[in-house]
Amino acid sequence: EKKDSDKDPIVEVETRVAEKLTVDPQFSSGKLLVNGIAGVLMYMWCDLLGRPVYPIMAYVALLMSPLRLGWSFSERCEVRSVISIYFFILSAGVLPIWCLRRGGTLGRSMLAIYVSWYMLFDKAHLRGGRFMPTFRRRNFWKHFAAYFPMSLTRTAKLDPKRNYIFGYHPHGVISMGACCNFATEATGFSELFPGIDLRLLTLEQNFRVPVFREYLLGLGVNSVSKASIHGNLTRGPGASVMIVIGGARESLETAPGSYNLILDNRKGFIKVALQKGASLVPVFSFGETDLFGVFASSRFRRWQLWLQKQMGFGIPFFFGRALTGGVLHRVFGLSRGVMPLRMPVQSIVGNPIHVDAPVPNPTQEQIDELHQRYVAELRKIYEEFKEPFLASRAKIMDSQGDAAKAVLRQGSFHLEKVESLAFVG
């Protein structure tokens with residue numbers, strides 16, 4: 001019989017990879033509701049813009065339908081999930097515009113009351129309100145995560161009695177890894193980190209869009225404002241937030257194979273961690289910058305930076321691949337499109353950096369010291385997991401063949417060589 005000292009140590013490192021689903025009922029009540037909402041939005045598009053959008057909406061409806069269209073069941077569901085996300089995001093502004101132009105007095109009045117209510121009184125996006133865990137557990141997100149695929153790695157268990165600020169790196173074009181791995185259960189976050197009630201934080205502007213904001217709240221996505229961070233960290237034991245530290249500015253540094261992080265001067269989250277006594281958890285997502293090709297143009301660079309400063313978000317000039325069986329490829333022979341490349345994204349959750357007690361008024365020396373510890377842990381994650389990830393990345397690139405590589409070669413990138421981690425601001 002083994003003595004206590006001879007027992008096998010508890011393995012804390014664990015990885016969950018998004019699995020392809022081979023069975024998923026296509027006519028459940030949830031899917032019928034989503035399809036009904038999509039149908040209403042398509043009608044609004046057609047009603048507002050008329051005949052020119054009829055063929056586009058018909059094509060989108062076909063891609064979002066349950067028809068196989070030559071794909072396997074799992075591939076069909078994965079592609080449909082990406083198309084659906086694009087459609088609903090692009091349609092976020094259609095409902096209010098339709099209400100204003102076609103809704104009559106009733107439609108305009110209801111819209112005005114709703115917008116006035118949430119702009120003046122609703123604080124749910126500052127305190128984790130209206131969270132619906134079932135939104136995170138939908139098979140839809142498992143299909144979406146399997147498209148790439150996504151994976152989530154835990155390097156250390158987290159104490160559910162503490163509060164945490166997760167820092168996500170790099171931003172990439174759209175922060176797909178942050179959405180999949182931390183705002184859904186596609187890779188089993190709550191199983192890897194039981195008791196951690198995490199809220200992914202995003203731009204305040206997203207919560208000004210009618211109805212779209214309600215789905216974000218249901219997913220547990222909140223505003224990245226200071227009030228939201230403080231409000232969420234005080235919800236109770238285990239209450240935590242995730243911030244994409246580089247933000248909109250870092251999105252402009254995105255290029256496949258390159259990890260340029262905006263971190264040197266980002267110390268606001270460090271100060272909040274000290275003030276609230278929250279532990280810091282660095283997260284590095286390998287492959288986040290591989291999902292799209294990016295055009296680098298000095299002509300538009302100044303305009304991009306100006307827009308980012310004025311509006312709070314950046315617009316990198318990116319592109320993806322065309323669907324092999326889609327119109328762009330079959331009819332026009334194009335390899336480029338809007339679909340992200342099927343490249344792996346692995347989010348590594350590092351060791352927590354504990355703040356033992358709140359510091360109401362931290363000094364600059366305390367902030368700098370904690371920032372250095374955070375950066376050191378982030379570098380440790382990168383160096384420890386770089387080689388295993390590159391091996392899996394190479395296998396997937398070989399399996400995709402030259403077509404996927406050709407897409408990226410039309411932009412600014414470092415496809416074959418992954419640069420070392422760099423802090424550019």
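Asp197 is partly exposed in this predicted model, with a relative accessible area of 28%. Its salt-bridge partner is Arg199, and the closest N and O atoms of the two lie 2.5 Å apart. Arg199 itself is buried, at a relative accessible area of 3%. Elsewhere, salt bridges with shared partners tie Glu14, Arg16, Arg154 and Glu191 into one network.

**Salt bridges to look for**

- Side chains of opposite charge can pair when their charged atoms come close.
- The structure holds 17 salt bridges.
- One of them joins Glu78 to Arg342, with 3.0 Å between the closest N and O atoms.
- This pair links distant parts of the chain, since its residues are 264 residues apart.
- Glu78 sits in helix H3 (residues 73-90), while Arg342 lies in the loop between strand E11 (336-337) and strand E12 (345-349).
- Glu78 is buried, with a relative accessible area of 1%.
- Another salt bridge pairs Arg130 with Asp122, whose closest N and O atoms are 2.8 Å apart.
- Here Arg130 counts as partly exposed at 35% relative accessibility, whereas Asp122 counts as buried at 5%.

- The protein has an average pLDDT of 87, and 84% of the residues score at least 70.
- Residues 1-9 have a pLDDT below 50, and this stretch makes two contacts in the model beyond near neighbours in sequence.
- Residues 411-417 also stay under 50 in pLDDT, yet the model gives them 23 contacts beyond four places in sequence.
- Where pLDDT is low, the predicted coordinates should not be read in detail.

Terms used. Residues numbered from 1 in each chain as written. Predicted model: local features only at pLDDT ≥ 70, side-chain atom pairs only at ≥ 80, totals over all residues. Heavy atoms only, no water. pLDDT = per-residue confidence, 0-100. Contact = heavy atoms within 4.5 Å. Salt bridge = Lys/Arg side-chain N within 4 Å of Asp/Glu carboxyl O. Helix = DSSP H or I, 4+ residues; strand = E, 2+ residues; numbered from the N terminus. Buried < 20%, exposed > 50% of the residue type's maximum accessible area, 1.4 Å probe, protein only.
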